Each structure stands twice: as structure tokens, then as C-alpha cells.
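Thanks for coming, everyone. Please have the sequence and the structure open while I talk.

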Amino acid sequence: MKTMIDRLQEALFGSGSDVEADGALITSAPNCRYLSGFPATSRMVFVTRDAAYFLTDFRYGEAARKKVQGCTVVEYQDSRQTLRELVRRHDCKRILFEYDNLRYSEAERYRKFCDHLSVTPVFDKTLDSVLQSLRAIKQPQEIASLKAAQAITDASFQHILPYLKPGVTERELALEIEFFMKKQGAEDIAFDLIVVSGENGSQCHGVPGDKPVHPGDFITMDIGAVIDGYHSDMTRTVALGYVTEAQKQVYDTVLQAQQAAVEAVRPDVPCRQIDWVARSIINEHYSGAFGHATGHSVGIEIHEWPTFSPSCETLTQPGMVITVEPGIYLEGQFGVRIEDMVLVMENGHENLTGSPKELIIL
């Protein structure tokens with residue numbers, strides 16, 4: 001099985017590539033972890049046509065030698081000196097750098113570094129684009145990690161339902177979910193968990209606070225876990241005690257839009273079309289109440305490319321894992337969002353989310 005490094009080398013330096021470079025330096029935490037499988041606060045990945053190196057310091061050296069995949073681990077005392085030696089060893093003349101993840105000050109230091117070695121630095125989106133395309137198509141081991149993270153998320157949803165009683169606060173619910181996830185083996189939570197209730201539910205990215213839940217509240221829980229660096233993402237909205245007819249109509253509309261969009265997921269569909277499937281259903285009755293994208297890819301980061309959004313022309317491809325999460329938000333009243341993670345398959349899709357979506361009234 002090809003490693004992530006193999007795939008990057010093939011994309012950059014393979015026979016079908018038109019990239020003009022003989023080396024690439026990756027420094028951002030997400031891309032370094034994606035390529036090596038190992039997280040470290042001090043790290044670089046240096047890739048040439050015939051070699052790849054994971055550079056780190058003494059703090060991570062032993063662990064890196066045990067866990068890094070596809071790279072020779074080099075433990076440095078002076079990172080620039082070690083990199084200088086590797087550039088000379090492989091006679092690199094033109095080196096690609098990340099663009100979006102590189103601070104201006106860092107770019108200036110690398111420019112001077114390259115000038116000293118008579119090497120041409122390439123500060124454009126070439127490397128970013130290649131990595132983005134590779135990361136968009138999940139490999140079997142990545143999908144396995146995503147499924148494991150989602151299994152913990154599904155279990156967390158079932159775990160929290162008995163805690164949803166009058167008087168418990170949003171913050172207490174979020175903390176209980178986080179504790180349960182980590183107790184079940186999650187490396188971390190995938191993001192700052194969202195638990196909002198009642199009128200707070202109209203804030204699609206609301207922060208859990210000290211508001212207690214009350215009978216008649218919708219409670220929206222946007223939750224996710226991390227396994228082996230890979231993130232899950234799921235949202236469910238439940239009701240406490242009872243719902244009004246207006247609440248039920250909103251919930252049913254979101255559910256209809258979400259299910260229709262999930263069913264529309266298959267290969268070779270423009271991402272904006274999936275967004276339109278959900279958005280058109282909601283806009284028919286609640287125009288202006290759905291202001292965010294229908295979904296985003298997930299992986300080594302919680303928000304990746306491509307997205308189910310009105311402007312995304314990218315065609316879906318097998319291996320993409322993208323959320324489907326339409327919502328309706330009525331300011332000062334309540335909100336509803338339902339979200340699944342969906343894997344694009346050769347002949348359609350697989351929904352990676354197992355939690356029920358029908359309205360639950362506790």
C-alpha cells in the first residue's frame with residue numbers, strides 16, 4: 001500500500017507531473033501529520049524525488065522513530081543546519097513551500113536560506129493545491145479512522161440523552177459529552193463542542209453557557225471526536241418535553257432537506273448541486289434562515305476542501321468524506337440543524353453516521 005509520502009512524490013515528481021521542482025518543504029502541523037502520521041509541535045517534512053525526511057528535535061525523536069510513516073526520522077539540534085545538509089545531499093535547485101500556511105516572516109527567512117544555497121524557492125499555491133487534492137480523497141486507513149471517530153460520536157449521543165432534563169445547563173451537557181468521548185478513547189474532541197438550547201439555538205455556532213434547558217426547548221448538539229488525528233462531525237437536535245407546531249414544521253423541513261441532500265450524493269456531481277438540493281427545500285418556506293454551506297469535507301482537519309456550498313464547482317469523487325448539515329435558524333426563537341458525514345462511493349454513497357434523525361422528544 002502506498003504511503004502518503006509515496007502519493008505526494010508521485011504527484012510532484014511523477015512522469016505525469018508538470019511541477020518544476022526537485023524538493024518540497026512542508027511545515028504546517030496538519031500537513032505534516034497527514035504525511036507522517038505523527039503529531040509534533042516541532043516538525044518539518046522534507047521531500048525530494050527519491051527520499052523523504054521527518055525532522056524534529058530531541059523531545060519527539062524517540063516517539064517519531066517508532067511512529068512516523070514513510071519518512072526517515074532525523075533528529076536535529078539546529079533545524080536550518082540539518083535542512084541545509086539535506087538540500088545539498090540531494091542537490092536540490094528548486095524547492096516548493098506551502099503558501100496559505102506560511103507566515104510572511106517565515107517566508108522571508110526561507111527566502112534568505114535558499115539564497116545562501118543558490119536554491120530557487122517557490123512561494124505559490126503549487127504545493128498547497130497538490131496536498132489539498134490528495135487530502136480530499138481519503139485512503140482506506142483514513143476512512144477507518146473517520147469511522148472509529150464517528151462511532152464514538154454516535155455513542156456519545158446515546159450517552160447524553162438521559163442527561164437532558166430540566167435544569168441541566170448547556171455547559172454541563174458539553175462537558176459530559178467531552179468526558180465521555182475521551183473516556184471511550186478519543187484522542188481529543190474534534191472542535192469546541194456546540195450545545196445550545198431554546199433561543200440560543202438560533203446561533204448556529206453558539207457557545208455552551210450557563211443557560212439551563214427548559215421544557216419546550218430544542219437542544220442542538222454539534223459534536224465530534226478525534227481518532228488517529230481524524231475528526232468526526234455530527235449534529236442532532238432534540239426536544240425536551242414537547243414541541244409546538246411551528247417547531248415541528250421547522251424540524252420536518254430540515255429533516256427533509258438533509259435526507260434529500262444525502263440521497264443526492266454520488267460521484268461526478270458538482271458540490272454546489274448538493275447544496276442546492278437542501279437549500280431549495282428550506283428556502284421555499286424559510287428563505288433567509290439558512291445562511292451557511294450545506295457541508296464541508298472532514299479529515300485531518302475539521303474543515304477541509306471541497307465544500308457543499310453555492311460557489312463550489314468541484315465534482316464529487318469516490319473517497320471524499322463530506323458533511324451534510326442544513327439548518328434553519330429563527331433569530332431569538334430557536335434553531336434546528338441535522339448533520340451526517342457521508343462518504344462518496346463508486347456507486348453512490350455511504351452514510352458514516354448511525355444516530356437516529358427522526359425527532360426525539362425527551
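First, the ground rules. This is a predicted model, where local features need pLDDT of at least 70, side-chain atom pairs count only at pLDDT 80 or more, and totals for chains, interfaces and linings use all residues. Residues are numbered from 1 along each chain as its sequence is written, and side-chain values use heavy atoms, with hydrogens and water left out.

A word on names. Helices (H or I, at least four residues) and strands (E, at least two) are DSSP runs, numbered from the N terminus.

Let's start with helix α9, residues 245-264, and α10. How far apart are the axes of α9 and α10? They are 7 Å apart, and the two helices pack at an angle of about 160 degrees. Axes here are lines fitted to C-alpha atoms, for helices over the stretch in contact, and angles run from 0 to 180 degrees between N-to-C directions. That angle makes α9 roughly antiparallel to α10. The cut-offs are these: under 35 degrees is roughly parallel, over 145 roughly antiparallel, 65 to 115 roughly perpendicular, and the rest oblique.

The crossing of α9 and α10 is right-handed. Picture the near helix turned from the far one by less than a right angle: anticlockwise is left-handed, clockwise is right-handed. Who makes the contact? From α9 come Q249, V250, T253, Q256, A257, A260, A261 and A264. From α10 come I274, V277, A278, I281, I282 and Y286. Contact means heavy atoms within 4.5 Å. The residues of this contact of α9 with α10 split into eleven nonpolar, three polar and no charged. For that count, Ala, Val, Leu, Ile, Met, Phe, Trp, Tyr, Cys and Pro are nonpolar, Asp, Glu, Lys and Arg are charged, and the others, Gly among them, are polar.

Next pair. Helix α2 (residues 29-36) and helix α6 (residues 126-136) have axes that come within 12 Å and cross at roughly 55 degrees. α2 and α6 are therefore oblique to each other. The crossing is left-handed. P30, N31, Y34 and L35 of α2 meet L131, L134 and R135 of α6. The tally for the contact of α2 with α6 is five nonpolar, one polar and one charged.

Now a helix face. Which residues of helix α3 (residues 58-67) are buried? Y60, G61 and A64 are. Buried means under 20% relative accessible area, exposed means over 50%, and partly exposed is in between, with a 1.4 Å probe and protein chains only. Those three cover an arc of only 125 degrees around the axis, which puts them on the same side of α3. The arc is taken from the directions from the helix axis to the C-beta atoms. Here is the general rule: an α-helix has 3.6 residues a turn, so residues three or four places apart point the same way. The buried residues of α3 pack against β3 (52-56) and β4 (72-75). On the face turned away sit the exposed residues E62 and K66.

On to single residues. D275 is in helix α10, residues 271-286. Its relative accessible area is 2%, so D275 is buried. Beyond its neighbours within four places in sequence, D275 is in contact with A293, T294, F308, S309 and P310.

Now T323, in strand β15, residues 321-324. T323 is buried too, at 0%. Not counting residues up to four places away in sequence, T323 touches several residues, including T294 and F308.

I338 is in the loop between β17 (334-337) and β18 (340-345). Is I338 buried or exposed? At 0% relative accessibility, I338 counts as buried. The C-alpha atoms of I338 and Y251 are separated by 9.0 Å, although they are 87 residues apart along the chain. Y251 is also one of the contacts of I338.

Last, the backbone. The peptide bond from W305 to P306 is cis, with omega near 5 degrees. P306 lies in strand β14, residues 304-308.

S118 is not a glycine, yet has a positive phi of about 60 degrees. S118 is in the loop between α5 (104-117) and β6 (120-122), and is exposed at 63%. D228 is not a glycine either, and has a positive phi of about 50 degrees. D228 lies in the loop between β10 (225-227) and β11 (230-231), exposed at 53%.
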